[in-house]
Structure formats: C-alpha cells, structure tokens
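Here is a short note for a colleague who is opening this model. Please read it beside the sequence and the structure.

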Amino acid sequence: MKVLVTGGAGFIGSHVTKQLLDQGHEVVVYDNLSRGFKELVDPRAKFVLGSLSEKDKLIASLKNADAVIHMAAFITVPESVQKPSLYWENNVTGTKILLEAMREAKVKKIIFSSSATVYGDPDKLPLTEESTVKKAVNPYGQTKIEMENLIKKEFEKSNLSAVLLRYFNPYGPNERHNPETHVVPNFIKAALSHKPIPLYWKGEQTRDFIYVEDLAAAHIAVLPLEGFQIFNVGTGTGTKVIRLVEEIFKLVGHKVSVADLGKREGDVSALYTSADKIQQEVGWQAKTSLEEGLRKTIDFYKNPIK
Ligand SMILES: NC(=O)c1ccc[n+]([C@@H]2O[C@H](COP(=O)([O-])OP(=O)(O)OC[C@H]3O[C@@H](n4cnc5c(N)ncnc54)[C@H](O)[C@@H]3O)[C@@H](O)[C@H]2O)c1
C-alpha cells in the first residue's frame, strides 16, 4: 500500500514509518518539523516538509495514496492549558483540512492516533472501547475528542474507512519531546545523569505502559480494516509508577534520590485497558516486557543520536 504518515518525524511516527517500510509498503512522511526531527525519518521514506494547514501540498502529497496514518499533533498538556487556541488550530483545524484534502485526493482510509485521555477519570477498570468518553480535563484532550468526532462525521457522510487507535502510555526510543512531560524518559534521564527522579503521588499512580514498537505494530495490523472501528492499544496490565523507578534503578545499575513532588491536580489515579478487542479482531497483542522495553529505552538515552 502507499501510506501517507502525518507526523512521521515524531516519536511514534518514526517507528510506524520504519515498520511500514520493513513490510514493503511505500511511505510518504508529511511533517512540518515543528516538533519532529528529520533524522528520525527513515531514509527509505519520501519526506515532504509540510503543515496540515497547507491543503494544496497535502492534496499533491496524497496522490495515489491508499491510506493516511494521522499522527501529527501538538501533544503537551501544560502547553495546551496555556495556549488552547494554538492547540485547537493545529490539531482540530489541521485535521479538518486533512480530511478535506483526502476527500479531494480520493483517499479512502485513515488510521488516527487518539489517546486514553478521551476516557478522562474512569468509573471502572480496565477500560474498554465501550467505556464512556468524558469531557476532557485539558485542552489537549479536548482536541483529541474533537479530532475523533470529525473523523467519525466524515465516515458517516462519505465512504471513508476509519480506525481510531486510543493509545495508553507509549514509551521507547526516539522520544525527544521538549519539554518532556512523560515519566519514562524523565526518570531514565534523571537516573543516567545522577539527578533526583521527579515523582508525583509517591509513584502510586497506575498506568498501562506500551512499548513503542508494539504500538507501531498495531497500526500495521489494523491497516486492512474497512468501516469505522475503535481500538484501545495497551498491554492490558496496569503498572504502578513506582515500579518503573525500581526497574530503572535495577537496569542502570545504581540508585538516585527521589524528589517527592506531592500531588498534581488533574492527574487520574489509575488508567489501564483491556487489550481483548484488538487481539480478537486483528490478532495484535503487546509482546515486549516492561524490563525489555525499558532496557532498549535506556540504551537509546545513553546514545540518543543514532
Ligand atoms: N506520546 C504519547 O504519549 C501519546 C499518547 C497518546 C496519543 N498520542 C498521539 O500520538 C501522536 C504522535 O505523538 P508523538 O508522541 O509521536 O508526538 P511527537 O511530537 O513526537 O510527533 C508529532 C509530530 O507531528 C508533527 N506535527 C505537529 N503538528 C503538525 C502540523 N500542523 N503539520 C505537520 N506536522 C505536524 C511534529 O513536527 C512531530 O514530528 C499524536 O497525535 C499524539 O496526540 C501520543
């Protein structure tokens, strides 16, 4: 298939691009490098420096494409609180323009990077695809809900096939967000540079940490699907954040102090998913243990420019 990957110069997009190419697909990476890195783009892919706001460039780049994997977005929650209209413009308006361009270029399939954030603070765990989508607690989450709604509406009014992948907590090599708000890279970087681990809630929160290469494989697994589908993508297991700290100490071979940052407003105490639906429907499941995933991630941060 010919696949256009928006945001393919980012953390998760770089892995999706590589796996598509490894499996013989043709890939166009479409990214404005606002938050991504050209060196993360596999040289086998065609790279287009372009923004979601540039409809004509999108239409030209979509020529003869069979599908779009739409990962381009701004993703930093605190920044979205400070600049909600920037997030709305980039993520929601950008997705609207992409859907218009796809209609004009007659591209009939989209796989969308959504997030567990759409479930807010869950009433019941594990989450399933039937769990209620709640009013988002921050503007980033609200953009993800709106982007999902736009794609669903497009499916309803045209013959677009759409898969919404709601990721849980991805981690792994190539994560170079700035600022970094995610625990795995922040903990590893602190441990490697012998600085205190920044820990909220004494590490008692539970999350579903999904290794990025497993997550990327889910995109390829759902690529043949038709119609409108939603899948949660996680391991199916909740892990306390404090366990990450213990594993990282074990793997780096030394301990550092922990900076107790107390409570943080807006954090959900536990979030993990059932992984049954995606396994039953396309045979995908996470394969990488937390220990193996953390080991590969630590190797990346020891030698980040590859
Ligand atoms: N990383 C996570 O923890 C996580 C969790 C759930 C969902 N997601 C979603 O997965 C997707 C990828 O996340 P990531 O962690 O790889 O982020 P990232 O910031 O590493 O990558 C996003 C990429 O999109 C590009 N981009 C942003 N706006 C663009 C625009 N208007 N036009 C063209 N390119 C643009 C950036 O340059 C960057 O390369 C996002 O949609 C995000 O919301 C991420």
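**Notes on the fold**

1. Seven strands form an open sheet in the order β3-β2-β1-β4-β5-β6-β11, with parallel pairing. Strands pair if DSSP finds at least two bridges between them. Strands (E, at least two residues) and helices (H or I, at least four) are DSSP runs, numbered from the N terminus. The edges are β3 (46–49) and β11 (228–233), and each pairs on one side only. From one strand to the next, the twist averages 20 degrees.

2. This is a predicted model: local features need pLDDT of at least 70, side-chain atom pairs count only at pLDDT 80 or more, and totals for chains, interfaces and linings use all residues. Residues are numbered from 1 along each chain as its sequence is written.

3. Look next at β5 (residues 109–115) and β6 (residues 161–167). They pair in the parallel sense over seven bridges. V163 in β6 is the bridge partner of I111.

4. Helix α7 (residues 212–222) lies across β4 (67–70), β5, β6 and β11, and runs at about 160 degrees to β6. Axes are lines fitted to C-alpha atoms, for helices over the stretch in contact, and angles run from 0 to 180 degrees between N-to-C directions. Contact means C-beta atoms, placed from the backbone, within 7 Å.

5. Which residues touch the most other members of the largest nonpolar core? They are L165 and F187, in a core of 82 residues. Helix α7 gives the most to this core, with eight residues. Such a core is a set of buried Ala, Val, Leu, Ile, Met, Phe, Trp, Tyr and Cys residues joined through C-beta atoms within 7 Å. Buried means 20 or more other C-beta atoms within 10 Å of a residue's own; exposed means 12 or fewer, and partly exposed lies in between.

6. Helix α6 (residues 183–192) has V183, V184, F187, I188, A190 and A191 buried. They lie on the same side of α6, because they cover an arc of only 160 degrees around the axis. The arc is that of the directions from the helix axis to the C-beta atoms. Their cover includes β7 (169–171), β8 (197–199), β10 (209–211), α8 (241–252) and α10 (290–302). Beyond its neighbours within four places in sequence, F187 contacts I197, L244, V245 and I248. After α6 comes H194, with a positive phi near 60 degrees.

7. Overall, the protein has 10 helices and 13 strands. Of its 306 residues, 44% count as buried. Its C-alpha trace spans about 55 × 40 × 40 Å along the principal axes.

Note on methods:
Contact = placed C-beta atoms within 7 Å.
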